[in-house]
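Visitor: I have a model open and want a quick walk through it. Can you take my questions as they come?

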Amino acid sequence: MTSSSKPTVATRTLLFTKIIAAIMQYITAAIVLGGKSITPQALAAVFEAYLQTEQDLEAARTVVTAKQQARDAALAAVNATLPNLHKYLAATYGEESATFTSFGLPATKKATKTVEVKAAAVQKSKATRASHKPPSGTTPPTPATPAKA
């Protein structure tokens with residue numbers, strides 16, 4: 001085996017393939033492993049079973065990946081269509097109608113401002129106006145008149 005603590009699927013597959021070939025070549029009669037007699041064919045079948053299940057798993061992963069990609073593409077199409085459908089239904093039937101609600105789409109909610117948010121906005125607007133006023137006692141500069149050509 002390799003020196004790494006956890007062999008990869010590729011190294012394990014290569015190792016088990018070599019073991020199967022060596023079993024067929026060098027072991028001709030039943031041997032005793034762990035106190036039980038096992039034929040060369042049965043021993044090779046243990047390794048072949050792993051290799052077959054690994055191939056089946058890889059094929060299943062390929063199918064799952066393809067299905068996930070198809071699902072993601074379909075979801076992207078839905079996500080591109082949904083806002084326009086929402087707008088169409090709202091414009092055609094109105095968001096308060098039974099027809100609109102039967103589609104299961106949420107009605108657009110208007111943002112409601114709290115008293116604190118409104119008070120802060122008033123303070124900001126006063127501060128902005130005050131910062132744009134020229135200091136008292138100074139006259140604002142007069143704009144230059146354009147030269148006539």
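Predicted model: local features only at pLDDT ≥ 70, side-chain atom pairs only at ≥ 80, totals over all residues.

Visitor: How many helices and strands in the protein chain?
Guide: Four helices and two strands, in the order α-β-β-α-α-α along the sequence. Both are DSSP runs numbered from the N terminus: helices are H or I with at least four residues, strands E with at least two.

Visitor: What is the radius of gyration of the protein chain?
Guide: The protein chain has 39 Å, while a compact globule of 149 residues would be near 15 Å. That radius is taken over C-alpha atoms, and the globule rule is 2.2 Å times the number of residues to the power 0.38. The C-alpha box is roughly 115 × 50 × 50 Å along the principal axes.

Visitor: Switching to rings: how many aromatic pairs?
Guide: Two, counting Phe, Tyr and Trp (six-membered ring) with centres within 6.5 Å; planes under 30 degrees apart are stacked, over 60 edge-to-face, the rest tilted. Phe16 and Tyr50 are edge-to-face, because their centres are 5.2 Å apart and their planes at 85 degrees.

Visitor: Where do Phe16 and Tyr50 sit?
Guide: Phe16 is in helix α1 (residues 9-26) and Tyr50 in helix α2, 34 residues apart. Ring pairs link Phe16, Phe47 and Tyr50 into a cluster.

Technical notes: Residues numbered from 1 in each chain as written. Heavy atoms only, no water.
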